[in-house]
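Okay, everyone, thanks for coming. Let me put the structure up on the screen, and then I'll talk you through some helix packing, some contacts and a sheet.

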Amino acid sequence: MDKMRDGNSVKNTETQRHRGAQARWRAAVGSVSLCLCVFNAVITAQTKPVAERIQQCTVCHGSDGNSRVKNTPSLAGQPEFFLLNQLVLMREGVRPIEPMKPYVKDLQDSDIEAIAQYFAALEPKPSEEIPDPALMQRGAELAASLRCASCHLPDFAGRQQIPRLARQRMDYLIYSMKQFRDNTRSGADTLMSNVVAGLSDADLTALAHYSASIRSEK
Amino acid sequence: MTTKSLSRKVLVLTGLAVIMVAVAVAAQQSPPGLSPLDRTNTATSKQDTALAPHPTPPTVTPRERIPVDKIKLPTGFRAEVYSSGHPGARTMTISPRGTIFMGTRQLGRVYAVTNRDGKRDVKVLLQGLTQPNGVAFKDGALYVFAINKVTRYDDIENKLDSPGSGVDLTDKFNLPSEIHHNWKYVEFGPDGKLYVQVGANCNICEVNPGTHGQIRRYNADGSGMEIVARGVRNTVGFDWHPVSKELWFTDNGRDWAGDAGPEDELNVLGSGQEGAFFGFPYCHANGIPDPDIKKPNACAGVNMPASLIGPHSAGLGIKFYTGNMFPQNYRNVAFIARHGSWNRTQKFGFDVVIARTDGGKARIEPFMTGLVDEKTNTFLARPSYVLPLGDGSLLVSDEMNGAIYRISYGGK
């Protein structure tokens, strides 16, 4: 996978920082629990308000970054750049989400970087939703014809500005894809509006069942 | 008013309402046979993780990381950072007083860059818009085209600290609602009309030629719409030749049909050719029939490009040079910023080229290079738009680093 990333790499600070952070987190895991260790690293590296902000995020997005709230996305294991980008877009009002507004309006770039780094390093876990095998099969066929893996990677772990789909909440994936299809969200690019154009609700449901439950190829 | 005349009026109004609803419904439905869906043949162009779009950093690139030292130019030219600290910088338009208004895509901001004591002062003028790539200036007013939102800000230079909500012209321009390829490029022409891009809302599909894949022109208030070019996949840069006054525009070719192209185009709309057809989706580049959407004699009646400008190179901004600073042989040449490829294994573009035009043809030569490394297949910047300044120097915006470079000429 690293080879694929290198083949398409952008030499900018974000990418380098992302890789550096990944390596640091991996090294730090050891035998200690990932969640505890990472949390400690962040509160020592950042000022207290950032830790408080992260605490606020976990109320809805899950104490380990894996959401148990309907239609609320999991953040654990999302690409760091994706989290950073979306938080900036929410702060700017480009992606207005009513419940998020009080939490993002005063965020500084440095806060956003710390929050993104924290959740990117957490382990993504499947939600309580049960994927349907028939829908997964249909979703797999659709995903191949729509070339989802070209951007989201074969294990759907996402990269850079492109989100992780694997182990995301299925209800949130459906909600999100409907927004792209119905021209109510433009995304980091407008490509998703094109990819899901004309798909039925049933198609989007099948894609969600497949994407959320795809097995990691690692 | 008698009861009879009242009921007649009600009848007429009801009839009008029915017609209006019918027209609205017809406008929403595509004509038979046309589909908004991407028609790429996925059996022949498979998934490939090396062919994904690149991210655009939404935060400030520190000054010391802006790769101005890597820029290579012909002898006698030099590059400097003109301004920075404005993430996502793309389109630029300048007022007679010298204020530069700059549009972005993802970040949703419009910046105003002014000069103060020889330094640049950068303001976030507007934010929270959906891809406000279209900016134009006329008679003291700034026109901002976001996706599905058109706003005019009158007397803007006296309101840089609080531009207000502006005059909403969205309904007047009545642009299609689809999002994809509909971040705008807009520019006032020598005829005083406002020229507006309407891209194809797909990678490759049949579009309604009356709706998508066009360049249109309007009166400044949004009235009097005319389609001046059709079959244009997605142009996000155009300018008029200083002598012939003909419209020249870049056009981004389709993706997912291989590394070789079809190549992007530099086109010219000759005078009297308003409404001409440029080939999308049936015919690409200099006469390549589309591999997925097949039609007999696909290239018959298609206006061929003045020049090809490279596979997936993403030629965006184009401006003709009429200044006095550069050597005489740069007079009336067009500078074209190539944003650089994403849907191509070996990265290509990430530079500024010049087009030497001769009638309806053009020859492309390199100008500003050094920002892509072929060996490591990486790039350092994404030149997006160009803007000649009154002193004869040339500005180049870099979306990836949120910077503007100034190119000047100091002799041998």
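So, H5(A) and helix H7 of chain A, residues 109–120: their axes come within 8 Å and cross at roughly 140°. Axes here are lines fitted to C-alpha atoms, for helices over the stretch in contact, and angles run from 0 to 180 degrees between N-to-C directions. That makes H5(A) and H7(A) oblique to each other, since under 35 degrees counts as roughly parallel, over 145 as roughly antiparallel, 65 to 115 as roughly perpendicular and the rest as oblique. Helices, by the way, are DSSP runs of H or I with at least four residues, strands are runs of E with at least two, and both are numbered from the N terminus.

Quick caveat: this is a predicted model, so local features need pLDDT of at least 70 and side-chain atom pairs count only at pLDDT 80 or more, while totals for chains, interfaces and linings use all residues. Residues are numbered from 1 along each chain as its sequence is written, and chains are lettered from A and ligands numbered from 1 in the order in which they are written.

Which residues of H5(A) meet H7(A)? They are Glu80(A), Leu83(A), Leu84(A), Leu87(A) and Val88(A). Among their partners in H7(A) are Ile112(A), Glu113(A) and Phe119(A). Contact means C-beta atoms, placed from the backbone, within 7 Å. By class, this contact has 9 nonpolar, 1 polar and 2 charged residues. Nonpolar is Ala, Val, Leu, Ile, Met, Phe, Trp, Tyr, Cys and Pro; charged is Asp, Glu, Lys and Arg; the others, Gly among them, are polar.

Now the chain contact. Chain A puts in 36 residues and chain B 39. On the chain A side, H5(A) gives the most, with 5 residues. That side divides into 13 nonpolar, 17 polar and 6 charged.

The domain assignment, automatic or from a database, gives domain 1 (2–120) and domain 2 (133–213). Here 14 residues of domain 1 touch 15 of domain 2, and H5(A) gives the most to the domain 1 side, with 3 residues.

Last, over to chain B. There, 4 strands form an open antiparallel sheet in the order S2-S3-S4-S5; strands pair if DSSP finds at least two bridges between them. S2 (92–94) and S5 (119–126) of chain B are at the edges with a single partner strand each, so one side of each has no neighbour in the sheet.

Definitions and conventions
Contact = placed C-beta atoms within 7 Å.
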